[in-house]
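Please keep the sequence and the structure in view while reading.

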Amino acid sequence: MLQGILIEGHLSNRVCEGLMAIPSEQATSICAHCDRAIPAPNIDLHYAHCSRNLERCKVCGDMVPKIHAEEHYLNAHAPVACSLCSEIVDRDILAVHTGENCPQRIVTCEYCEFPLPAVDLFKHQEVCGNRTELCHLCSKYIRLRERLDHENSCPGSPDIAAGPSRETSTSAYERQQGAHRRQPHDLPRRHLLFTIAITGIAVLLGSFFFQRKVENHELQ
């Protein structure tokens, strides 16, 4: 259907263009309907065709076929529902909404890099930022939200000489810190697997003792 609209609109525009072809130094008149400059001898024929078949879109100002004006509005300008939060927004700002404003867009925690909806980010980071990790330079546990400031003022940080050696030492220190930051990501996973294993063993033992108790009760 949209292709038909484009073809018909293209044909209508071609007709208008044919009627408005202006040889050099020929007098022109402005069409009262589409505001185009039309060769004066063709103005009446052009206006009859233009006013009968075309109308100006109130949103974008383009001349579109009258029979498809509603479809043009629905396809090009009508507000749409955000696929993430179902909020109705103008079509021309949908991309900005989904990328920057939608409360359900996926963002990443700056402390653990966990993806979650933007609406939940603040509460998550309030908790996540208070977690601690061990600084391997001064052997103190530092809150994640204070990690950057601590790295800049850590008392265990070696004195770094000026010049090229400073850059080398800084790069080594940053790589070491990066490795230490990645280690805590594996700890929750191992802890979860350990918890699942313990829970499974407890369930099996509980089931075993319960069965023995039932059997002893039946024997009595």
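A search of the whole structure finds 3 salt bridges, a salt bridge being a side-chain nitrogen of Lys or Arg within 4 Å of a carboxyl oxygen of Asp or Glu. The structure is a predicted model, in which local features need pLDDT of at least 70, side-chain atom pairs count only at pLDDT 80 or more, and totals for chains, interfaces and linings use all residues. Residues are numbered from 1 along each chain as its sequence is written, and side-chain values use heavy atoms, with hydrogens and water left out.

One of these pairs is Asp-35 with Arg-56, whose closest N and O atoms are 3.4 Å apart. The pair links distant parts of the chain, 21 residues apart: Asp-35 belongs to the loop between β1 and β2, and Arg-56 to strand β3 (residues 54-56). Strands (E, at least two residues) and helices (H or I, at least four) are DSSP runs numbered from the N terminus. Asp-35 counts as exposed because its relative accessible area is 53%, whereas Arg-56, at 35%, is partly exposed; buried means under 20%, exposed over 50%, and partly exposed in between (1.4 Å probe, protein chains only).

A second pair joins Arg-147 to Glu-133, with 3.6 Å between the closest N and O atoms. Here too distant parts of the chain are linked, Arg-147 lying in helix α6 (residues 147-153) and Glu-133 in strand β9, 14 residues apart. Both Arg-147 and Glu-133 are buried. The side chains of Glu-146 and Arg-143 also meet in a salt bridge, at 3.8 Å from N to O. Glu-146 is partly exposed at 37% relative accessibility, and Arg-143 is partly exposed at 39%.

The backbone at Asp-35 deserves attention as well. Most residues other than glycine have a negative phi. Asp-35, although not a glycine, has a positive phi of about 65 degrees. Ser-139 is likewise not a glycine and has a positive phi of about 60 degrees. Ser-139 sits in the loop between β9 (132-134) and β10 (141-143), and its 56% relative accessibility makes it exposed.

Attention now turns to the interior. In soluble globular proteins, nonpolar side chains tend to be buried together. The largest nonpolar core in this model has 7 residues, namely Cys-31, Cys-34, Ile-38, Ile-43, Cys-50, Leu-54 and Met-63. Apart from this core lies another, of 5 residues, including Tyr-111, Cys-112, Cys-128 and Leu-144. A nonpolar core is a set of buried Ala, Val, Leu, Ile, Met, Phe, Trp, Tyr and Cys residues joined through side-chain atoms within 4.5 Å. Beyond its neighbours within four places in sequence, Cys-50 is in contact (heavy atoms within 4.5 Å) with Cys-31, His-33, Cys-34 and Met-63.

For the chain as a whole, there are 8 helices and 10 strands. Of its 220 residues, 23% are buried. Among contacts between residues at least 6 apart in sequence, 17% join residues at least 24 apart.

The average pLDDT, the predictor's confidence in each residue from 0 to 100, is 76, and 61% of the residues score at least 70. Over residues 159-170 pLDDT stays under 50, and the model has 4 contacts beyond four places in sequence for them. Residues 182-187 also stay under 50, with 4 such contacts.
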